[in-house]
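Colleague: I have just opened this one and could use a guided walk through it. Could you start with the terms, please?

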Amino acid sequence: MRLSRSHTPFVLLLLVVVVVVAPAVSADVAVLRTDYYQKTCPDFNKIVREAVLTKQSQQPTTAAGTLRLFFHDCFLEGCDASVLIATNSFNKAERDDDLNDSLPGDAFDIVNRIKTALELSCPGVVSCADILAQATRDLVTMVGGPYFDVKLGRKDGLESKAHKVRGNVPMPNQTVHDIHGMFKKNGFSLREMVALSGAHTIGFSHCKEFSDRLYGSKADPEINPRFATALKELCKNHTVDDTIAAFNDVMTPGKFDNMYFKNLKRGLGLLASDHLLIKDNSTKPFVELYATDEKAFFEDFARAMEKLGTVGVKGDGEGEVRRRCDHFNNLNV
């Protein structure tokens, strides 16, 4: 499989009753709710749904790419669409850091398509951050994943710095402890981390991200032998063609299910960080649970995605509603 970044996607309560007058909420705090655009942009849900249906039909890996884009956005500076910003002469943006180099063009494209349609229907109302969140949910459900609520009202961030990416986005050669450190920093438990890792049931990874498991003296002997042989053949020219990629879930790559976890038990995990989930004693019980109980995985994944969508959201005083998703309204930023 050969992929072009510009055209083909990368194939990643507490209820308190207070008997006092509640304090005023600062304008800087984002108050999210599912019906946020009910009056200001009543066709919001319909426009997003129709756009993702068309795009996913044209490019079946759009769902995986958009899910990965959403994750990368939320884990750095919160869910504020900062990952969508294009680099200009004043600033090297997040999307152009090496760790984001393989983020798929089709994921950016679906957000831009939706933004264009919404600007015609309700100009200046819907943030790019909300578009990305809603599109991700609709695409996940479209490929068989669980439905989860998306609360809306995020504002788009005012900063996007490439140098901040490293250390905030997990890498495939990191330990479970290191990766969980990033999740914990954003408020996620170990169980939630494993559930969100199940996003690798769709999509794909480039050979450079797992080739060290295949060749030389450090080749991983725990990869399923037939799987390793096939990957070696697929990736033999990856040093001269860095677009070559393999599906994260070799069994059901286009369906959101619990096969990813079943694969880990068979030595069919693609990335080293995937394989570690079944080896590490702290995460192994969750892998085994999700491998045998898809309902439990779906429930945990849905809750974790709802939580992910609230990480670091910006309110009116901290962000804006961009006119274009790839540019700040102040072009000199």
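Modeller: Helices (H or I, at least four residues) and strands (E, at least two) are DSSP runs, numbered from the N terminus, and the expected span of a helix is 1.5 Å times one less than its number of residues. This is a predicted model, in which local features need pLDDT of at least 70 and side-chain atom pairs count only at pLDDT 80 or more, while totals for chains, interfaces and linings use all residues. Residues are numbered from 1 along each chain as its sequence is written, and side-chain values use heavy atoms, with hydrogens and water left out.

Colleague: Okay, how many residues does helix H4 have, and what does it reach from first C-alpha to last?

Modeller: Helix H4, residues 128-142, has 15 residues and reaches 21 Å, which is close to the 21 Å expected at 1.5 Å a residue. Since 13 of those 15 residues are buried, H4 is largely enclosed by the rest of the structure; buried means under 20% relative accessible area, with exposed over 50% and partly exposed in between, using a 1.4 Å probe and protein chains only.

Colleague: And what follows H4?

Modeller: Gly-144 follows H4, and its phi is positive, near 105°.

Colleague: Switching topic, which residue does the UniProt annotation "active site" cover?

Modeller: That annotation, from an unreviewed entry, covers His-72; UniProt positions are given in the numbering used here, feature names are shortened, and annotations may be inferred rather than shown by experiment. His-72 lies in helix H2, residues 62-74.

Colleague: Is His-72 buried or exposed?

Modeller: His-72 counts as buried, because its relative accessibility is 5%. Not counting residues up to four places away in sequence, His-72 touches Leu-99, Asn-100, Leu-103 and Val-169, where contact means heavy atoms within 4.5 Å.

Colleague: Now helix H11, please: which of its residues are buried?

Modeller: The buried residues in H11 are Ala-296, Phe-297, Phe-298, Asp-300, Phe-301, Ala-302, Ala-304, Met-305 and Leu-308. What covers them includes H2, H4, H6, helix H8 (259-265) and helix H10 (284-292).

Colleague: How do H6 and H11 pack, at what angle?

Modeller: Helix H6 (residues 190-197) and helix H11 (residues 294-308) pack at about 100°, with their axes 9 Å apart. That makes H6 roughly perpendicular to H11, given that angles of 65 to 115 degrees count as roughly perpendicular, under 35 as roughly parallel, over 145 as roughly antiparallel and the rest as oblique. Axes here are lines fitted to C-alpha atoms, for helices over the stretch in contact, and angles run from 0 to 180 degrees between N-to-C directions.

Colleague: Which residues meet there?

Modeller: On the H6 side they are Arg-191, Glu-192, Ala-195 and Leu-196, and these meet Phe-297, Asp-300, Phe-301, Ala-304, Met-305 and Lys-307 in H11. The residues of this contact divide into six nonpolar, no polar and four charged; Ala, Val, Leu, Ile, Met, Phe, Trp, Tyr, Cys and Pro count as nonpolar, Asp, Glu, Lys and Arg as charged, and the others, Gly among them, as polar.
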